[in-house]
Amino acid sequence: MDRIIKRRGVRVALCWLPVLLFVFLTLGLSVCAAETAVNAAEPEYGSLDEIAGKKIGMITGFDTVLKGALDHENTFVYYPTATDSVTALRAGRVDAVCLDEPVARLAVHANEGICIMPDTVAEAEYGIVFPKNSPFLESFNTVIKQFWEDGTIEALENKWMDGDEEEKSLIRQDWEGKNGTIRYYHDATYNPMCYIGKGGESAGYDLDLVLMAAKELDLKVEMSICDFDALVPAIQSGKADIASGCMDITEEKKKYVDFSDPYCKSAVVLLVRDRGAQESAGSFWEGLRQSFYSTFIEENRWQMILDGLGITVLVSVLSGIFGLLMGFGLCMLRRMKQKPVRLGAAAYIRLVQGMPIVVFLMILFYIIFGSVDISGIVVAVIGFSINFSAYTSEMMRNGLETVEKGQSEAAFAMGYTKYQTFWKIVFPQAAMRFLPVLKGEFISMVKMTSVVGYIAVQDLTKASDIIRSHTMDAFFPLIATAVIYFAIANLMTGALSYAEHSIDPKRRKREVKGVEPR
C-alpha cells in the first residue's frame, strides 16, 4: 500500500512539474521584458507614411478608420482585447497598434517601451448605441446637449481621464425611476471609459454619463458586462436598450444601429515601440510580487477571480449533469427500431457537432432567447448541455454496441427482464468502456466554457481579461488563469476517476451470502 501511495505521489508531482516550470519561465521572461529604463520618447515610426506595408494590430472596428486614413497597403491583425494587441506590439508581432487615445494613454503609462505616434490617425467621436427607432434616443440626445452646455461633460473628462483614483466612483442610483428601467450593456476592458474598478464594481466615464442621463430622465439602469464584439448583437436582438464601449460613430455602423449625439470627442492613434527605452536589470521576485499584488490584492481583485471561478464551476457541473442525461436519451433514440427516429436523432447530433460552440451560444442568447429576459448563465448551461449531450450520446452508443449480444441472451436465459438485463448486465459493462473517453470530453467542455463572455457572463476567463485591461499586465493574469483551470481540470478528473472506480465490478468487495465468517 505504501508503494502505491508513493507511486501516485510521484505521478502527481510529475504532472505539476511542467506547469510550475512553465509558470516561472514565463514570469521570468515577462518581468525581464517589463523592466526598462526610459529616456525621452523616441517613436520607432514618426508618421503614417513610415508605416507603409507594416503590420498593424487592432481590435474589431478600427479597420474602417485606418483604411480611410492610410493611402498605402498595410496588413491588419485582429486581437480580442486592447491588452492583447499591446502585448503583440511589445513582442514584435506587429509594428503598430491602433487604439482610442484614452486607452492608448493608459497603455503607455502601464507599459514601458511603447509610445504614441505623433501623427493622429483620425478624429473620433463616441456615441451611445441604440436600436433602430429607439424611444430613448431623442431624450438622451436632449440630456447630452444639456451636459455639453452646463459643463458636465468637461467635469466628467477631468474626473475620469486626469482625476485622482479616489474620486473615480459612479453616482448612486438613489432616484425612484418613475419612467421605467433601461437595460445597459457595456464592455469592461476600455479603461478609463468603461472598466471594473474597486471591489469588482463597474466604473468609467461612459457609465457615469449614462447614470447621470438616466437620473435626469428618472430611469433606473440595469448594467450588464459584455464583450465588445457582442455589443451590437445585444442591441439588435433586443437584449439591451443601450450600449457603449468607446464606440466610434461611423456611417457604416449607422446602417445597423442608431447613435446618440457625441458625448466625448477624442482621437484614434497608433502605438509604436519606443527606441528611447533601454533595458535594465531588475529583480525577478520584486516583479513577481508586484504582478501578484496588482492581479489579486489591489482593489480586492481576488473577489473577481473567485466569482468568475464559481460561475465556471457552476456552468461546468450543471452542463455535465444535464448533458449526460440528454446524451443518454439521445443514445436510446439512436438505438430505437423506428428509422425516422434514429435519423432525426443522428441529424440533431451532426448539427450540434458541426457548429462552433461560441456561435451556438450567441445564436441561443441573441436570437432564440433574444426576446426573453433570461440570464446568460442559464443560456450557457443550456448551450453546453446540448453540446455535451451530442458527444456523450455517441460515446454511450459505441460503448453499448461493444457489449456482446451473448451477455443479454445469457441474462434472459437466467430469467432477467429486458429492463434488468440492460441496467445490471449491459450498461455497467458499456460504462467501463466509455467512461475513460467521457472524462476527457468533460474536461474539454470545462475549458470551452471560457467563451461565455460573449453572452454577458463574467466567468474566470472574462475576469482575467478585465483585470488585464486594467493593469495592462498581459502575462501574470493569463498564467494565473491557466493554473486555476489546470487545478480545476485535475480535481474534476480525480472525481470522475473515483466514480469510475466505484462502479468497476473488479474493484468491488464481494461477499458470499449465506456463509458466516468464522
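Reply: Pro135 sits in the loop between S7 and H5, where helices (H or I, at least four residues) and strands (E, at least two) are DSSP runs, numbered from the N terminus. This is a predicted model, in which local features need pLDDT of at least 70 and side-chain atom pairs count only at pLDDT 80 or more, while totals for chains, interfaces and linings use all residues. Residues are numbered from 1 along each chain as its sequence is written, and side-chain values use heavy atoms, with hydrogens and water left out.

Pro135 counts as exposed, at 70% relative accessibility; buried means under 20% relative accessible area, exposed over 50%, and partly exposed in between (1.4 Å probe, protein chains only). Although Pro135 and Asp241 are 106 residues apart in sequence, their C-alpha atoms are 9.5 Å apart in space.

Asn133 also belongs to this loop, which runs between strand S7 (129-130) and helix H5 (137-150), and Asn133 is exposed as well, with a relative accessible area of 73%. The phi of Asn133 is near 60 degrees, a positive value in a residue other than glycine.

Elsewhere, Cys246 has a positive phi near 50 degrees, again in a residue other than glycine, and lies in the loop between strand S13 (242-244) and strand S14 (258-259). Cys246 is buried, with a relative accessible area of 4%.

A further backbone feature is the cis peptide bond that joins Asn191 and Pro192, with omega about 15 degrees; Pro192 is in the loop between strand S9 (189-190) and strand S10 (194-196). Most residues other than glycine have a negative phi, and most peptide bonds are trans.
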